[in-house]
Amino acid sequence: MTRALLDKELHELDSQIIHLGSLVDEALGLALEALETGDLAKAGMVIEADTIIDSLRAAIEEHTIRLLTLQQPLGGRDLRLLTSALSIAGDLERTGDGAAGIAQIILRMTPLRSSNAPQLKIELIPADEDDQITEASVLNGMLELGREARRVLQGTMEAFAKRDAEAARFIWEEDDVVDVRYHLVRHDLMAMLEGARAIPALQSDARILQRATYLLWIAHKLERIADHCTNVCERIVFIVEGETSIKHTQE
């Protein structure tokens with residue numbers, strides 16, 4: 001394989017990975033819209049799109065393995081890109097799985113909602129107007145978590161497209177922001193389910209615990225999306241600089 005042909009193949013592989021990231025970002029955006037509005041059609045679109053994401057991931061793997069087989073020995077950044085493409089595609093595909101999982105949970109949650117049920121409010125001590133926890137406030141926190149996770153995903157793909165190792169390091173650190181938002185959402189959900197509050201909550205709405213459990217699952221999936229992005233960021237730094245650990249570089 002000539003250098004010109006190899007460059008063309010690597011450029012095509014690069015475009016495939018960027019396209020995969022774009023599909024995953026679109027799926028996550030639709031999943032968040034479905035979560036906010038209860039739009040079941042959008043949730044269905046996310047689930048259907050997961051098949052396309054899986055197929056593109058498989059195509060990237062086949063392309064990468066073919067190049068590794070035909071172009072030996074390779075060295076430098078070309079080899080680092082090819083060896084990293086497999087894990088990057090895997091992390092992006094699992095991010096897409098997370099978006100599809102959220103969409104499936106939304107479909108399961110819909111029959112558990114009742115427009116006649118009173119809005120459950122949990123007052124924290126000391127009592128304050130801003131300290132009340134409701135399903136609406138939890139949902140708002142969940143959407144903020146989702147938007148932060150999507151921002152991390154978009155920043156990750158931009159860093160990959162530009163081969164920007166410094167941006168990848170910055171995005172890697174942003175995972176802490178996602179973790180904080182995740183723990184805030186989880187704290188509020190656990191407060192709704194805690195001890196003495198669970199019985200009156202169930203008396204006013206028999207399905208509240210089921211919905212809260214589903215919301216916990218969604219929060220976990222959103223937090224995991226950022227974790228997959230940090231894996232991609234580590235690969236970006238490896239491609240550009242040959243470093244195998246962002247932590248090691250920072251130290």
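This report describes the fold, the helix contacts and selected residues of one protein model.

## Basis of the model

The model is predicted, with local features requiring pLDDT of at least 70 and side-chain atom pairs counting only at pLDDT 80 or more, while totals for chains, interfaces and linings use all residues. Residues are numbered from 1 along each chain as its sequence is written, and side-chain values use heavy atoms, with hydrogens and water left out.

## Overall fold

The protein contains 8 helices and 2 strands; helices (H or I, at least four residues) and strands (E, at least two) are DSSP runs, numbered from the N terminus. Read from the N terminus, the order of the elements is α-α-α-β-β-α-α-α-α-α.

The protein has 251 residues, of which 47% count as buried. Buried means under 20% relative accessible area, exposed means over 50%, and partly exposed lies in between, with a 1.4 Å probe and protein chains only.

## Packing of the helices

Two packed helices are described by the angle between their axes and the distance between the axes. Axes are lines fitted to C-alpha atoms, for helices over the stretch in contact, and angles run from 0 to 180 degrees between N-to-C directions. Angles under 35 degrees count as roughly parallel, over 145 as roughly antiparallel, 65 to 115 as roughly perpendicular and the rest as oblique. In the contacts below, Ala, Val, Leu, Ile, Met, Phe, Trp, Tyr, Cys and Pro count as nonpolar, Asp, Glu, Lys and Arg as charged, and the others, Gly among them, as polar.

Helix α2 (residues 40-70) and α3 have axes that come within 9 Å and cross at roughly 165°, so α2 is roughly antiparallel to α3. Their contact comprises 18 nonpolar, 4 polar and 7 charged residues. The crossing of α2 and α3 is left-handed, a term for a near helix turned anticlockwise from the far one by less than a right angle, whereas clockwise is right-handed. Helix α4 (residues 135-162) and helix α7 (residues 208-241) cross at roughly 15°, with axes that come within 9 Å; α4 and α7 are therefore roughly parallel to each other. The residues of this contact of α4 with α7 are 20 nonpolar, 2 polar and 2 charged. The crossing of α4 past α7 is also left-handed. For α5 and α7, the axes come within 9 Å and cross at roughly 170°, which makes α5 roughly antiparallel to α7. The contact of α5 with α7 holds 23 nonpolar, 2 polar and 9 charged residues.

A pair of aromatic rings is described by the distance of the centres and the angle of the planes. Y214 is buried at 17% relative accessibility, whereas W217 is partly exposed at 44%.

R163 belongs to the loop between α4 and α5. R163 lies over the face of F160, 4.4 Å from the ring centre; a charge sits over a ring if NZ of Lys or CZ of Arg is within 6 Å of the ring centre and within 35 degrees of the ring normal. Most residues other than glycine have a negative phi. R163 is not a glycine, yet its phi is positive, at about 50°.

Helix α1 (residues 3-37) includes G29, which is buried with a relative accessible area of 4%. G29 lies 8.4 Å from R147, C-alpha to C-alpha, although 118 residues separate the two in sequence. I18 is also in helix α1 and is partly exposed at 32% relative accessibility.

I88 is in helix α3 (residues 76-109) and is buried, with a relative accessible area of 0%. I88 and I236 are 148 residues apart in sequence, and their C-alpha atoms are 9.0 Å apart. In helix α5 (residues 165-193) lies E173, partly exposed at 38% relative accessible area. The C-alpha atom of E173 is 9.7 Å from that of I246, 73 residues away along the chain.
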